[in-house]
Amino acid sequence: MSKNLRGLSARKGLDDGLYDEMVRAAGAGDDSAHERLISVAGGFMTGHAAVMGASSFYDFLRKDHLGKKVFVCDGTACLTSGRQEDLKRSLKEHYADHEIGAVTCLGHCHSNDAFMVNGEIRLAGGDGAAPALYSFSNADKPALLVPTGDVREYYSLAVKWQSDTPSALKELELSGLRGRGGAGFPFHLKVRSSRDAKSVKKYIVCNADEGDPGAFSDKWLLEERPHAVLFGMLMTGMITGADTGVVYIRGEYPLAVRRTREAVKELEEAGITEGSSGPAAFRFRFHVVEGSGAYICGEETSLLNSLEGLRPEVRTRPPFPAVYGLFGMPTVLSNVETFANVHYILKEGGKDYAALGTERSPGTKLVSLDGAFNRPGLLEVRMGTPLRSVIDGMGGGTRYPVKAFQIGGPLGGLVPASKVSDLTLDFESFSSEGFLLGHAGIVSVPEDFPIIKLLEHLFEFTKKESCGKCFPCRIGSVRGYELLSGAAEKGMKIDRRLFDDLLETMQFGSLCALGGGLPLPVRNALQWFSDELKGYFTGKEAK
Ligand SMILES: Cc1cc2nc3c(=O)[nH]c(=O)nc-3n(C[C@H](O)[C@H](O)[C@H](O)COP(=O)(O)O)c2cc1C
Ligand code: SF4
């Protein structure tokens with residue numbers, strides 16, 4: 001998209017912007033939604049097709065979704081736990097088949113019994129009481145699991161740094177904090193680029209679109225520690241000169257949306273940030289935006305397009321968001337957990353934070369454990385901790401035999417149980433062994449769960465969530481799914497050479513890490529579960 005077009009779309013900014021209007025117009029799903037969307041297009045001087053193309057992209061705005069009454073979690077942990085089918089059976093006692101839909105991961109991987117009714121999460125287990133969600137840290141001084149306490153006291157740290165933001169940036173650099181959204185990019189470099197960019201307007205965007213099945217750490221932070229996240233955004237704004245922060249939270253996390261909005265109101269009412277009343281200590285406005293159901297909106301450029309009301313396809317990079325982001329303005333776009341670390345760093349010092357981890361993976365990492373564990377829930381783990389001690393020590397081991405762990409979401413690695421003792425929990429250990437730490441959600445694959453079904457699920461997920469911009473992913477995910485479901489369900493054989501070619505095309509030809517990242521767990525499976533999988537393939541693997 002040209003810079004001129006993006007400039008035009010900035011016309012109405014975030015207040016009553018195109019995305020909000022579009023969601024309002026489509027949301028009721030009645031027969032006049034189409035007319036309302038056309039009128040929105042007129043109001044924003046944009047084409048009908050642009051608004052229809054954007055609104056029809058989202059699961060929650062589509063007519064077939066709006067006709068359903070209850071949604072079962074479709075995530076990997078619910079699938080491998082085997083509880084999904086039981087849940088569907090019991091819901092069928094209350095709802096007709098056509099009233100039951102699916103959503104991608106509700107972030108209850110620790111209980112595997114979540115479903116959604118009227119925009120709220122319900123749990124099938126018992127009478128609505130949440131099952132145990134353990135949360136603890138192996139750091140003497142945890143950076144993330146600590147309560148934030150009194151709001152004025154918590155934010156007084158920002159007053160301390162207000163007059164010396166270059167030193168605050170230096171602390172971020174000393175901390176070595178790397179992005180927690182998956183790629184591990186050094187946070188301070190983004191902040192510096194954005195600070196150095198000359199612009200009349202800058203933004204801070206928090207990526208809370210945590211769509212990776214198996215991960216619920218961002219959800220937990222926003223529900224339980226929203227001020228840690230908002231503080232990180234505010235401080236980043238002070239350093240770069242941004243006066244606006246956007247928290248983009250996936251619609252599947254209604255409680256996180258509510259708690260974050262309450263926290264923003266609390267800040268405004270306490271006169272800490274700009275609101276409707278009282279003089280603000282900081283000129284900074286927060287917007288909380290609720291997503292409408294699209295996994296790809298977790299990819300940073302797709303998220304920016306979504307916020308602008310455009311069809312959330314992935315953008316080519318460069319330019320990177322730090323210099324050309326939201327509405328074409330310099331934007332520090334980072335993950336929830338990344339921002340949540342900033343308070344500890346500025347309070348205890350960058351070096352202290354770095355010492356919690358390894359030289360190249362400083363600090364701690366939140367790890368989500370699924371319902372197979374004896375202590376399912378959320379851990380704060382010092383980087384460099386042996387994976388064995390995370391799984392068997394902190395997690396208490398699994399309740400039944402497990403043959404592999406899908407770590408880091410659908411694009412993370414498939415770690416066979418036999419490799420657990422070779423890994424430590426940090427970026428380097430995982431990548432050197434051919435896996436990916438990613439967001440560090442751990443999904444267990446039981447001994448009796450067929451790996452071919454897991455691969456089929458991964459391709460089905462990618463097929464559904466592909467933004468469609470590049471064909472290696474758009475077509476490749478469909479072809480891969482056809483091959484795998486033919487093998488898993490109909491006894492068909494897959495030509496191994498063709499399959500390897502498909503993986504290679506997706507890896508090297510895809511524009512972003514959805515299509516490009518899928519081959520990693522698939523190859524892990526082919527390598528470590530070759531005996532189990534060989535009956536589904538013919539021919540030799542490509543050299
Ligand atoms: C398909 C796809 C999905 C992604 N989903 C998320 C997500 O849910 N949350 C997130 O923070 N980053 C996600 N990312 C990574 C973002 O593009 C981006 O790198 C990240 O938000 C930057 O923040 P960080 O530097 O703090 O990690 C995703 C990337 C891809 C390719
Ligand atoms: S890899 Fe998939 S999700 Fe990413 S840009 Fe291409 S089509 Fe879109």
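These are my notebook entries on what I looked up in this structure, which is a predicted model.

I found 4 strands in an open sheet, ordered 2-1-3-4, with mixed pairing. Which strands stand at the edges? They are strand 2 (100-103) and strand 4 (120-123); each has a single partner strand, so one side of each has no neighbour in the sheet. From one strand to the next, the twist averages 35°.

Next I followed strand 3 (residues 114-117) into strand 4. The two run antiparallel and are joined by 4 bridges. I jotted down two of the facing residues: Ala114 stands opposite Leu123, and Phe115 has Arg122 as its bridge partner. The hairpin these two strands make has 2 residues between the strands, and Asn118 takes a positive phi near 50° there.

Helix 7 (residues 83-91) lies across strand 1 (70-73), strand 2 and strand 3, and it runs at about 165° to strand 1.

Then I moved along the chain to strand 6 (residues 203-208). Is it enclosed or open? I looked at burial: 6 of the 6 residues are buried, so strand 6 is largely enclosed by the rest of the structure. Side chains in a regular strand alternate between the two faces of the sheet. I could see that here, with Tyr203, Val205 and Asn207 pointing one way and Ile204, Cys206 and Ala208 the other.

Which strands pair with strand 6? One is strand 7 (residues 244-249), parallel to strand 6 and joined to it by 6 bridges; in that pairing Tyr203 has Thr244 as its bridge partner. The other is strand 9 (residues 331-335), also paired in the parallel sense, over 5 bridges. On that side, Cys206 stands opposite Ser334.

I looked at helix 11 (residues 217-224) next. Of its 8 residues, 7 are buried, so the helix is largely enclosed by the rest of the structure. I listed the buried ones as Ser217, Asp218, Lys219, Trp220, Leu221, Leu222 and Glu223.

Where is the largest nonpolar core? It has 72 residues, and those with the most contacts inside it are Tyr155, Val229, Leu230, Met233, Met235 and Ile249. Helix 12 (residues 226-240) gives the largest share of this core, 9 residues. I picked Tyr155 and checked its contacts beyond four places in sequence: it touches His227, Leu230, Phe231, Leu234, Leu267 and Ile272. Apart from this core lies another, of 62 residues, including Val205, Val289, Val314 and Met506.

I stayed in helix 12 for Thr236. At 1% relative accessibility, Thr236 counts as buried. Where does its side chain reach? It comes to 2.5 Å from the backbone oxygen of Gly232. Outside the four places either side in sequence, Thr236 touches Phe187, Val191, Ile204, Val332 and Phe339.

**Entry: ligand 1**

How many residues surround ligand 1? I got 19, and the closest are Gly181, Lys190, Asn207, Asn335 and Thr338. A polar side-chain atom of Thr338 lies 2.7 Å from an oxygen atom of the ligand. Backbone atoms come up too: a polar one of Arg180 is 3.4 Å from a ligand oxygen, and a polar one of Glu210 is 3.5 Å from a ligand oxygen. Asn207 had already turned up in my strand 6 entry, as one of its buried residues.

**Entry: two single residues**

Is Thr76 buried or exposed? Thr76 is buried, with a relative accessible area of 4%. I placed it in helix 6 (residues 76-81). Its contacts, leaving aside neighbours within four places in sequence, are Pro213, Val443, Leu454 and His457. I also looked at Glu447: it is 371 residues from Thr76 along the chain, and their C-alpha atoms are separated by 15 Å.

Beyond four places in sequence, Gly393 touches Arg375 and Arg388. Asn138 is 255 residues from Gly393 along the chain, with the C-alpha atoms separated by 10 Å.

How values were computed
Residues are numbered from 1 along each chain as its sequence is written. Chains are lettered from A and ligands numbered from 1 in the order in which they are written. This is a predicted model: local features need pLDDT of at least 70, side-chain atom pairs count only at pLDDT 80 or more; totals for chains, interfaces and linings use all residues. Side-chain values use heavy atoms; hydrogens and water are left out. Two strands pair if DSSP finds at least two bridges between them. Axes are lines fitted to C-alpha atoms, for helices over the stretch in contact, and angles run from 0 to 180 degrees between N-to-C directions. Contact means heavy atoms within 4.5 Å. Buried means under 20% relative accessible area, exposed over 50%, partly exposed in between (1.4 Å probe, protein chains only). A nonpolar core is a set of buried Ala, Val, Leu, Ile, Met, Phe, Trp, Tyr and Cys residues joined through side-chain atoms within 4.5 Å. A residue is near a molecule or strand if one of its heavy atoms lies within 4 Å of it. A polar contact is a pair of N or O atoms within 3.5 Å; within protein, one must be able to donate a hydrogen and the other to accept it, and residues adjacent in sequence count only if both atoms are side-chain atoms.
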